[in-house]
Amino acid sequence: LSADGEITSKPMVLFLGPWSVGKSSMINYLLGLDDTPYQLYTGAEPTTSEFTVIMHGPKLRTVEGIVMAADSARSFSPLEKFGQNFLEKLIGIEVPHKLLERVTFVDTPGIIENRKQQERGRGLLGYPFNDVCQWFIDRADLIFVVFDPTKLDVGLELEMLFRQLKGRESQIRIILNKADSLATQELMRVYGALFWSLAPLINVTEPPRVYVSSFWPQEYHPDTHKDLFLKEEISLLEDLNQVIENRMENKIAFIRQHAIRVRIHALLVDRYLQTYKDKMTFFSDGELVFRDIVEDPDKFFIFKSILAKTNVSKFDLPNREAYKDFFGINPITSFKLLSQQCSYMGGCFLDKIEKAITRELPDLLGSIGLGKKPNVLSCDITGCGETPKNRYRKP
């Protein structure tokens, strides 16, 4: 289902976007790390070539990616599957900051530039960049997609990014950073252009929240909309605080999502196995019979039968091609039918998952929600100790 570290982990806030849009500066600002030994490096040139995880620790120190992946207690141990080249581009920074006791930030390399490198087939990265991004996207509680209004890059690479973000729309927040670098009229044009570009990429009834401000400690540029920027900044901080307070609900939803995947996978393997048994005769070559099934599962209505009988959404069905690889590693003869995995005392494996998905996890979610006061932004509940706040500006 999922590693223990993933289930028990803190909420994760992911920062995506091109290089030099202010992702690292924004993290420094939100944590108040500017002009301290803890601050992330920033600059006009590409400065972040690694996936940087900013987490809590008793003292400032860096943790190599290979160490993070080797520690099963951490939520990042599954990243080991992406190989040594990636682990060399993964770094952890432990900072003794109260807020990081309740949330983890992840800074990413310039996603659009790295995607261009990968798509051109140069092999410069040496690891599956898109797959790594997808891993972080799937686990993030909040996803900040950051843009610089003076150089919007809304081409094919952005379209590919939002394809990866499909299904995560409720976690996405668009940041139009460095907003005080433009005059008001020009900023309005850029805001409209950004929405025009994003509209076909985010297929939801409610548009994503867009925050327009400048997330760094410098004063806003004169003759710009200072009041608007300040209100936007406070709204973003409240949004972040809400994610911290909702961490338990998000985690239960995460577990339920994985339980649904396990259920669908079990049903599919069971259907492949039942089809194989039905087609086998005394004279059949088992390998040829199963190869026929795995090459064209639609001929045997494997996926359609799952949709018809089990109330599974077609959007939750995995890729058919993935099962060629799966059964290449796991022979079909190594599985037992789900109907054979029941006992008088223990019940049935599938029934337990169904019960967790339909009753136990929703009930747990409901019981937590009952004890919450709506729209209260307080560390009394979370124990966060230090709320993100605007440290540098006064209204």
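User: Which residues are buried in helix α12 (residues 302–310)?

Analyst: This is a predicted model. Buried here means under 20% relative accessible area. In α12 the residues that count as buried are Ile302, Phe303, Ser305, Ile306 and Thr310.

User: Within what arc do the buried residues of α12 fall, seen down its axis?

Analyst: The buried residues line one face of the helix. The face turned away from that buried side carries the exposed Lys304 and Ala308. Viewed down the α12 axis, the buried residues line one face because they fall within an arc of 160°.

User: Which helices do the buried residues of α12 pack against?

Analyst: Contact means heavy atoms within 4.5 Å. The partners of the buried α12 residues are α10 (247–279), α11 (286–295) and α13.

User: Which residue lies over the face of Phe303?

Analyst: Phe303 is one of the buried residues of α12. At 4.3 Å from its ring centre, over the face of the ring, lies Arg320.

User: Is the aromatic pair of Tyr323 and Phe326 stacked or edge-to-face?

Analyst: Tyr323 and Phe326 are three residues apart in helix α13 (residues 320–329), so about one helical turn separates them. Tyr323 is buried at 4% relative accessible area, while Phe326 is partly exposed at 22%. Their ring centres are 5.9 Å apart, with 65° between the planes. Planes over 60 degrees apart count as edge-to-face, so the pair is edge-to-face.

User: How many aromatic pairs are found in the whole structure?

Analyst: Ring pairs link Phe51, Phe76, Phe82, Phe86, Tyr127, Phe129, Trp135 and Phe136 into a cluster. A search of the whole structure gives a count of aromatic pairs of 25.

Terms used. Residues numbered from 1 in each chain as written. Predicted model: local features only at pLDDT ≥ 70, side-chain atom pairs only at ≥ 80, totals over all residues. Heavy atoms only, no water. Phe/Tyr/Trp six-rings, centres within 6.5 Å; stacked < 30°, edge-to-face > 60°. Helix = DSSP H or I, 4+ residues; strand = E, 2+ residues; numbered from the N terminus. Buried < 20%, exposed > 50% of the residue type's maximum accessible area, 1.4 Å probe, protein only. Lys NZ or Arg CZ within 6 Å of the ring centre and 35° of its normal. Arc of directions from axis to C-beta.
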